[in-house]
Amino acid sequence: MAKPARAPLQLDLKRKTSARLVEQVANGLAGLIETGELRSGERLPSVRQFAQHHDIGSSTVVEAYEQLVARGMLQARRGAGFFVAARAGQSGQHAVFVPPEPVIDSAWLLSEMFADERVPIKAGCGWLPGKWLNDEGLHQAERRIIRSPGAQQVGYGHPYGYAPLRQLITQFLGHWSLELGIEQVLTTHGATQALDLVIRTMTQPGDTVLIDDPGYCNLIAMLRLAGLNVIGVPRTPGGVDTDVLETLARTHHPKMFFTTSVLQNPTGTSYTPACAMRVLQAAERHGFWVVEDDIFRELGQATDPMLAALDGLQRVIYVGSYSKTIAPSLRVGYIACQRELARQIVHTKMVLTLTNSEINERLVHNVLTEGHHRRHVQTLNATLLSAQATLNAKLSEVGLTPFTAARGGMFSWATIEGCELSAREIADRARQKGIWLAPGDFFHLAAPHKTSFRFNVGYADVPELFDFLRGL
């Protein structure tokens, strides 16, 4: 039987601070539990007793207690009250799980890298540092959402997505001379779901598709998971090798070509206007669709061509996202395409996942309309260009050859010449020194002939990395 609660707990609650009383009570009790002053199994004062002793409302106490239940620090027992939950290590079991050393391979890159904190220097990761994102704009948008009527925050959204956001997307694409209606735009759970919906809607197992080589590792895995015959088109500093594209299209009759026109992942390269026109001419000549994965458009240059605008969405399906300029946690992307095709893709979306989170889409809409996003993107572009130029220079100093001159964006792609070690072996040695590298193998369809790596300009400018590379 549990012991009765001790004398009322002493907490120093400050009413003239920005912290709500609920958080003060919850954090104060959590501190007593962590220090052992409140022991496992001990019953807390009743809600009414605690509220009277501290001269606060009963609802405040209930909410604080429920917060601690949600954290796993308290247990609620019907008719008996709230009790301190047993903590790990107090049940007599002292075994501590020690996770194995990470193996930096494509499976880890796809499924575990986001949660793995064992490699402190993430020189090869695929996201921007938090300090480079528009956190203030996001916080303002969150406050506007909180103040909005509750009816706007519950229930399913529209199958096509939040209409005001889709209208903004049409305006954004209109700046690039792509004229389209709101019914040609649908939102998705990030660009990854957008690509998956296109694949599921428009291909069948056994179909042949083309892809940038090197290309986006998640997309390579998605296409193979769908049972497609995937063939690579070599990436060049000015886009793709259009002569090879022409030959492959004539020989294999592909259904689709997946490509990134601006600041491609992993090479950081963008299409020239001439390359863009030749790709579209090949698509028309051989009858394949072009899926333009354009999530870095806002980070590119004003002269970078947009395939969808040049083509008018006749043979191009356009995919965009806000993960790189607002926050990856929002997971808001979109597709722009022909009207009938949009209806087909929406049907696939509803079958698989129903609607997307309208709250997230409202957040993105608020960020885009609160007045600071454009300046944030301008600042981010300047930061990325400077960081990439600095990184390329330092990589050259330690013996690597950057694939292209700095154009901005998140990534630099560089090759080590004349090294007997493979990229995987180098990455494994780097991991042992606390450095995460992304070997070129992850981004190629077959084993590459060169030893290349993708570097994230926001994380790679650290002395330890250059010391390691110099030692090779």
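These legends describe close-up views of a predicted model.

**View 1. Y162 sits in a loop and is buried.** The loop lies between α5 (135-147) and α6 (163-174). Y162 has a relative accessible area of 14%. The cut-off for buried is under 20%, so Y162 falls within that class. Leaving aside residues up to four places away in sequence, Y162 touches T187, E358, E361, R362 and H365. R362 is 200 residues from Y162 along the chain.

**View 2. F50 and Y65 form an edge-to-face aromatic pair, one of nine aromatic pairs found in the whole structure.** The ring centres of F50 and Y65 are 6.0 Å apart, with 75° between the planes. An angle over 60 degrees counts as edge-to-face, so the F50 and Y65 pair takes that label. The pair links distant parts of the chain. F50 belongs to helix α2 (residues 47-54), and Y65 to helix α3 (residues 58-70). The two residues are 15 residues apart. F50 is buried at 2% relative accessibility. Y65 is buried too, with a relative accessible area of 0%. Ring pairs link F50, Y65 and F82 into a cluster.

**View 3. W127 and W436 form a tilted aromatic pair.** The ring centres lie 5.9 Å apart, and the planes make an angle of 50°. Planes under 30 degrees apart count as stacked and those over 60 as edge-to-face, so the 50° of this pair makes it tilted. This pair also links distant parts of the chain, with W127 and W436 309 residues apart. W127 is in the loop between α4 (106-111) and α5. W436 is in the loop between α15 (423-432) and β13 (438-439). W127 counts as buried at 18% relative accessibility. W436 counts as buried at 1%.

**View 4. Two arginines lie over aromatic rings.** R77 lies over the face of F83. The distance from R77 to the ring centre of F83 is 4.0 Å. R297 lies over the face of W176. Here the distance to the ring centre is 4.6 Å.

**View 5. Helix α2 has buried residues along one face.** The buried residues of α2 are F50, A51 and H54. Seen down the helix axis, they fall within an arc of 95°, so they line one face of α2. These buried residues pack against α1 (21-35) and α3. R48 and Q52 are exposed on the other side of α2. Just after α2, D55 takes a positive phi of about 55°.

**View 6. The structure holds one cavity of 30 Å³ or more.** Rolling a probe the size of a water molecule over the atoms shows where empty space is left. The largest cavity holds about 40 Å³ of space. The lining consists of T267, G268, Q388, N392, F403, T404, A405, F411, S412 and W413. α14 (373-397) and β12 (411-416) each supply at least two residues of this lining. β12 gives the largest share, three residues.

Terms used:
Residues numbered from 1 in each chain as written. Predicted model: local features only at pLDDT ≥ 70, side-chain atom pairs only at ≥ 80, totals over all residues. Heavy atoms only, no water. Helix = DSSP H or I, 4+ residues; strand = E, 2+ residues; numbered from the N terminus. Buried < 20%, exposed > 50% of the residue type's maximum accessible area, 1.4 Å probe, protein only. Contact = heavy atoms within 4.5 Å. Phe/Tyr/Trp six-rings, centres within 6.5 Å; stacked < 30°, edge-to-face > 60°. Lys NZ or Arg CZ within 6 Å of the ring centre and 35° of its normal. Arc of directions from axis to C-beta. 1 Å grid on protein atoms, 1.4 Å probe; cavity = no way out; pocket = protein on both sides within 12 Å on 5 of 7 lines; lining within 4 Å. Points joined across faces, edges and corners; volume = space filled by probe spheres on them.
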